[in-house]
Amino acid sequence: MSLTQTAGTAIPAAWNDDGAPSVRVRTYWQSVGVRLRRDEVTLAFGAIVLAIVLVAIFAPALAPFDPYKGSIVGRLKPFGWRGHPLGTDELGRDLLSRLIYGARSSLLMGLVPVVVAMLTGGTLGVIAGFAGKRVNTVIMRMMDVFYAFPSVLLAVAISGAMGGGMLNGMIALSLVFIPALCRIAETATAQVRTLEYIEAARATGAGALTIIRHHVLGNVLGPVFIYASSLVSVAILLASGLSFLGLGIKPPTADWGLMLSTLRDSIYVNPWICALPGAAIFVTSICFNLLSDGIRAAMDVRL
Amino acid sequence: MSAALDMDRGGPQQPMLIVRDLKKQFPVKATGHPRGARVRAVDDVSFTIFKGETLGVVGESGCGKSTLARLLLHLIPPDAGELVFDGDGVGAPDGITVDALRRQLQMVFQDSYSSLNPRMPVQDSVAFGPYVHGKKWPEARRIARAILVKVGLNPDLFGPRYPHELSGGQKQRVNIARALAIEPRMVVLDEPVSALDKSVEAQVLNLLRALKRSFNLTYLFISHDLSVVQYISDRVLVMYLGRVVELGPVDEIFARPLHPYTVALLGSRTSMDPAHRIERPPVTGDPPSPIDPPSGCRFRTRCPFAEGVCNSAMPQLGAWQDRESHVAACHMHDRTSGHSRAGGHA
């Protein structure tokens with residue numbers, strides 16, 4: 001047996017000279033930042049998202065006209081008509097100003113429910129996945145009840161029961177998104193929970209919260225974040241659907257979804273103007289999706 | 001290490017760990033089995049590990065070796081049985097808690113890939129134990145880097161790396177470092193080298209031996225590789241279908257195996273001598289299912305010496321007292337059993 005012949009007395013050293021790159025002492029999030037900075041495509045889409053957010057914040061300063069002041073004679077006018085760069089809508093209001101103001105409610109309706117659902121659904125999912133057994137059954141069966149309804153129907157039913165308005169719309173959308181995010185967090189947690197490094201962490205005497213914080217969240221955050229960011233565009237569209245039914249944002253508030261549904265009737269009169277709110281939703285959701293995709297890639301260690 | 005000596009409460013004669021009648025069954029959920037069927041993964045296992053020794057545990061796949069390791073650390077709760085760590089009953093009213101046990105008893109896992117968090121630099125994986133035990137992160141990292149040196153890894157080079165940037169042997173060194181980071185007195189090694197190349201295996205085994213000396217450790221070493229067990233162990237425990245079939249000093253077991261299963265296991269080793277090549281399989285057939293194990297002796301279905309008594313009575317492991325005892329759970333070594341070969345063979 002050759003093993004006995006190689007028995008040494010000193011502690012044998014491993015291979016310390018395999019041409020490793022320069023010494024890096026970076027935390028996980030620092031290295032995520034470095035990878036993100038090298039990804040120009042993601043940075044570009046991030047810049048567009050940032051621009052949209054800034055436009056929404058500084059809407060009063062940027063809008064050339066009052067978005068609520070209409071004109072009977074100047075309805076559905078083309079681009080550039082009397083100083084209106086993007087023309088006017090069906091009530092003669094400046095379309096650019098309405099698009100700028102619309103970013104506010106659209107972003108709010110797109111982001112707030114998703115963030116709320118990500119926090120509550122994610123927490124519930126991690127608890128269900130990590131605790132397992134009965135806790136898991138109770139939480140996940142509760143989620144299945146919500147899953148059983150089509151999401152649009154559920155949103156309509158909830159905000160219908162609670163009455164219209166922006167806040168109730170947000171609550172309705174949050175409830176619609178929680179089950180899916182909970183399921184994703186639960187699956188990701190359950191996958192990690194049985195791995196040996198969790199067992200090793202338990203063997204060092206770590207409590208459940210410490211293990212979740214250091215060993216589980218990093219693996220759950222990625223998938224939850226990706227799915228949540230794809231929900232932003234869905235939320236904007238669902239919110240516009242609610243507005244259309246008179247359950248979400250009410251006219252005359254400027255909102256992309258609402259504008260899309262009211263301009264719908266004028267599509268044969270001035271198709272370009274009708275397309276603009278849709279284009280705004282499209283660009284925003286695409287940018288959110290691609291930005292989140294880039295962040296996921298940066299968060300994935302095994303590239 | 002002086003800290004370890006200070007904690008040597010029971011004195012050198014007190015065994016490090018006494019295991020009594022440890023038992024674990026898992027419910028079977030697969031179809032084709034009756035409701036309530038249970039896998040008897042570990043069935044009334046009793047043994048003692050003395051301070052400073054390496055107890056090797058061998059057996060086929062599925063004989064309950066890994067379950068045994070996890071039971072010792074209470075990573076899975078045992079159904080029955082008792083653990084006494086250095087004189088203190090684990091979970092007993094006047095004994096120590098499971099947390100206190102885990103401060104002194106650590107484990108190295110088999111799969112060096114899934115046993116390290118892929119999203120954590122390895123020095124943080126090692127530092128996690130000290131962090132859990134109340135150290136701040138900078139101090140915990142300093143400890144981790146000192147331990148990485150002890151396992152032969154340059155902390156400047158390897159500490160900040162992620163597991164996927166290390167080789168199998170390097171990852172297993174990190175795993176060993178993690179187990180040692182909270183200064184345990186005993187380490188359970190669950191197949192620590194079975195996933196490694198032969199050359200790397202030898203390096204890691206030598207590392208384990210050297211660490212045992214310098215940290216004054218006690219090992220429970222689980223392996224299916226008899227050569228590895230022979231090399232590293234002081235005593236050997238042979239398991240078959242969740243039960244201990246033989247226990248004794250390593251030289252005794254390898255020179256004069258008592259149990260027919262141990263004889264067969266030793267016969268299955270690849271021969272280094274072409275003149276003595278193995279031509280017949282030493283044990284025929286698969287091991288029976290632990291869900292519905294054979295009555296009496298569990299090895300009787302594959303044993304060449306099985307008789308009526310093996311069918312009806314469960315052989316007991318003989319009484320043993322100290323490190324030199326060599327005992328087997330076989331009717332052939334129990335003069336009162338009534339087996340035709342009883343007494344004459346021992």
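Start at Val19(B): its bridge partner in S4(B) is Leu83(B).

One position to look at here is Leu22(B), which stands opposite Val45(B) in S2(B).

Put together, this gives an open sheet of 4 strands in chain B, in the order S2-S1-S4-S5, with antiparallel pairing. Which strands are at the edges? They are S2(B), residues 38-49, and S5(B), residues 88-89, each pairing on one side only.

Helix H2 of chain B, residues 65-72, lies across S1, S2 and S4 of that chain. Its direction makes an angle of about 65 degrees with S2(B).

The next sheet has mixed pairing.

That one is also open and also in chain B, with 7 strands in the order S6-S7-S8-S3-S9-S10-S11. Its edge strands are S6(B), residues 105-108, and S11(B), residues 327-328, and each of them pairs on one side only.

For a parallel pair, take strand S7 of chain B, residues 186-190, and strand S8 of chain B, residues 218-222. They are joined by 5 bridges. Within that pair, Val188(B) stands opposite Leu220(B) in S8(B).

Last, confidence in chain A. The average pLDDT of chain A is 80, and 89% of its residues score at least 70. Over residues 15-23 of chain A, though, the pLDDT is below 50, and this stretch has 4 contacts in the model beyond near neighbours in sequence.

Residues 1-10 of chain A also stay under 50, with 12 contacts beyond four places in sequence. Which element of chain A has the lowest mean pLDDT, and which the highest? The lowest is helix H1(A), residues 2-5, with 38, and the highest is helix H3(A), residues 40-57, with 90.

Where pLDDT is low, the predicted coordinates should not be read in detail. That is all from me.

Key. Residues are numbered from 1 along each chain as its sequence is written. Chains are lettered from A and ligands numbered from 1 in the order in which they are written. This is a predicted model: local features need pLDDT of at least 70, side-chain atom pairs count only at pLDDT 80 or more; totals for chains, interfaces and linings use all residues. Two strands pair if DSSP finds at least two bridges between them. Helices (H or I, at least four residues) and strands (E, at least two) are DSSP runs, numbered from the N terminus. Two residues are in contact if their C-beta atoms, placed from the backbone, lie within 7 Å. Axes are lines fitted to C-alpha atoms, for helices over the stretch in contact, and angles run from 0 to 180 degrees between N-to-C directions. pLDDT is the predictor's confidence in each residue, from 0 to 100.
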